[in-house]
Amino acid sequence: MITIEDCIGLSGLTKDEVDAIAVHEHLPEIVAAELGSYLVATDAGQGEIRRMIEDDIAEAKAHSQHERAAVLKLALCHFLQEHAAARIVNP
């Protein structure tokens, strides 16, 4: 049987990146892993994941969830290191 860890591993994303997608889109983790796998395959999709994580950071800060914001910032740094297209800022 395939596990959630297997699905996250196959997505090309980390658990924290998948969790950020799940929270942002109000999806179960397994569905977020699939969505992330789809999005990470394109430059535009990588930019969308970046925006989701940035939105989640802002939301965490707005609710004084400093630990969550810190975890998300680390996830964003890792994501940007691994996915060059996400570094391009579109107006």
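Helix α4 is followed by S64, a residue with a positive phi near 55 degrees. The model is a predicted one. S64 sits in the loop between α4 and α5. The positive phi occurs here in a residue other than glycine. Is S64 buried or exposed? With a relative accessibility of 52%, S64 counts as exposed, because the cut-off for exposed is over 50%.

H26 is exposed, at 71% relative accessibility. Still, H26 is among the residues that I21 touches.

Now step back to the whole chain. How many helices and strands does the chain have? There are 5 helices and 0 strands. Along the sequence, the pattern reads α-α-α-α-α. Along the principal axes, the C-alpha atoms fill a box of roughly 40 × 25 × 20 Å.

The contacts tell how the chain is put together. Take those with a separation of 6 or more: 51% of them join residues 24 or more positions apart. Of the 91 residues, 36% count as buried. The accessible surface comes to about 5600 Å². Carbon and sulfur atoms account for 59% of that surface.

Next, the inside. In soluble globular proteins, nonpolar side chains tend to be buried together. Here the largest nonpolar core has 20 residues. The residues with the most contacts inside this core are L13, V18, I21, I49, I53 and F79. Which elements give two or more residues to this core? They are α1, α2, α3, α4 and α5. The largest share comes from α4, with 5 residues.

The buried residues of α4 are G45, Q46, G47, I49, R50, M52, I53, D56, I57 and A60. What do these buried residues pack against? Their partners are α2 (15–25), α3 (29–40) and α5 (66–82).

The relative accessible area of I53 is 0%, so I53 is buried. Beyond its neighbours within four places in sequence, I53 is in contact with E17, A20, L72, L76 and F79. I53 and L10 are 43 residues apart in sequence, and their C-alpha atoms are 20 Å apart in space.

I21 gives another view of the core. Residues up to four places away in sequence are again left out. I21 then touches L13, H26, A32, L35, G36, I49, M52 and D56. Among these, L13 and I49 are also listed with the most contacts inside the core.

Turn to the start of the chain. S11 lies in helix α1, which runs over residues 4–11. Is S11 buried or exposed? Its relative accessible area is 4%, so S11 counts as buried. A polar atom of the S11 side chain lies 3.1 Å from the backbone nitrogen of L13. S11 also touches V18, A33, S37 and V40, leaving out residues up to four places away in sequence.

R87 lies in the segment after α5. At a relative accessible area of 47%, R87 is partly exposed. That value falls in between the cut-offs, because buried means under 20% and exposed means over 50%. Which residues does R87 contact, apart from its neighbours within four places in sequence? They are L80 and Q81. R87 and D43 are 44 residues apart in sequence. In space, C-alpha to C-alpha, R87 and D43 are 9.7 Å apart.

Terms used
Residues are numbered from 1 along each chain as its sequence is written. This is a predicted model: local features need pLDDT of at least 70, side-chain atom pairs count only at pLDDT 80 or more; totals for chains, interfaces and linings use all residues. Side-chain values use heavy atoms; hydrogens and water are left out. Buried means under 20% relative accessible area, exposed over 50%, partly exposed in between (1.4 Å probe, protein chains only). Helices (H or I, at least four residues) and strands (E, at least two) are DSSP runs, numbered from the N terminus. Contact means heavy atoms within 4.5 Å. A polar contact is a pair of N or O atoms within 3.5 Å; within protein, one must be able to donate a hydrogen and the other to accept it, and residues adjacent in sequence count only if both atoms are side-chain atoms. Accessible areas come from the Shrake-Rupley method with a 1.4 Å probe; for residues, only the protein chains shown count as cover. A nonpolar core is a set of buried Ala, Val, Leu, Ile, Met, Phe, Trp, Tyr and Cys residues joined through side-chain atoms within 4.5 Å.
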